[in-house]
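Colleague: I am new to this structure and would like to learn how to read it. Could you take me through it one feature at a time?

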Amino acid sequence: MNTIIDLLNWLNDSQLAVLISENDYLFPWIESIHVLAITIFFGSLALVDLRLMGLAFLEKTIYRVSEAILPLTWIAFGIALITGSLLFISKAITYSHNAFFLAKMCLLICAGINMMIFQKITGRDMADWGVGNHIPLSARLAGLISLLLWISIIICGRWIGFTLTPTMGS
């Protein structure tokens with residue numbers, strides 16, 4: 001456990017973390033970019049999930065919708081990951097004690113597992129599904145679970161800022 005505390009203290013006290021947390025403009029700019037990236041990420045992912053659930057773009061195959069949208073989704077996710085990491089290090093100790101932050105991290109892991117199961121098992125024959133509403137139940141569930149997980153992640157992320165209580169590091 002000391003190793004985790006030591007790592008959090010090291011992150012929290014790093015030059016980059018201090019720069020972000022003490023600069024009047026840097027944290028809000030990083031946070032703004034983070035929110036914009038999440039908006040693009042979620043919006044594009046929601047389109048794919050809605051197609052998986054058979055609720056949108058029925059005239060296109062899921063493979064075609066995914067192929068068109070997911071590159072943007074991954075770019076936005078990468079930007080959100082980088083900016084989220086920068087926000088985290090600026091208050092690593094405080095965030096590590098926040099229930100909504102911890103819930104968000106657990107939900108992110110669940111979303112990753114859902115995506116891996118879909119990629120490796122459920123959706124491996126996605127190119128053969130065709131157009132319309134002929135989608136396996138497991139794929140529909142994967143889309144629904146993804147959508148619900150990401151909505152929950154966004155809600156938890158939004159609540160982090162309202163529930164932070166300063167804690168002493170070191």
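Modeller: Start with contacts: two residues are in contact when heavy atoms lie within 4.5 Å. Keep in mind that the model is predicted.

Colleague: What share of the contacts in the protein with a separation of 6 or more comes from residues 24 or more positions apart?

Modeller: Such residues account for 78% of those contacts.

Colleague: How many helices and strands does the protein have?

Modeller: There are seven helices and zero strands. Read from the N terminus, the order of elements is α-α-α-α-α-α-α. The C-alpha trace spans about 55 × 35 × 25 Å along its principal axes.

Colleague: What percentage of the residues is buried?

Modeller: A residue is buried when its relative accessible area is under 20%. In this protein, 36% of the 170 residues are buried. The protein exposes about 10400 Å², and 71% of that area is supplied by carbon and sulfur atoms.

Colleague: How many positive and negative side chains are there?

Modeller: The protein has 9 positive and 10 negative ones. The centres of the two sets lie 11 Å apart.

Colleague: Now a single residue. Where is Phe57 placed?

Modeller: Phe57 sits in the loop between helix H3 (26–52) and helix H4 (62–90). Its phi is near 55°, which is a positive value in a residue other than glycine.

Colleague: Why does Phe57 count as partly exposed?

Modeller: Partly exposed covers the range between the buried limit, under 20%, and the exposed limit, over 50%. Phe57 counts as partly exposed because its relative accessibility is 33%.

Note on methods
Residues numbered from 1 in each chain as written. Predicted model: local features only at pLDDT ≥ 70, side-chain atom pairs only at ≥ 80, totals over all residues. Heavy atoms only, no water. Helix = DSSP H or I, 4+ residues; strand = E, 2+ residues; numbered from the N terminus. Buried < 20%, exposed > 50% of the residue type's maximum accessible area, 1.4 Å probe, protein only. Areas by Shrake-Rupley, 256 points an atom, 1.4 Å probe, with all protein chains shown as cover. Lys, Arg positive; Asp, Glu negative; His and termini not counted. Charge placed at Lys NZ, Arg CZ, Asp CG, Glu CD.
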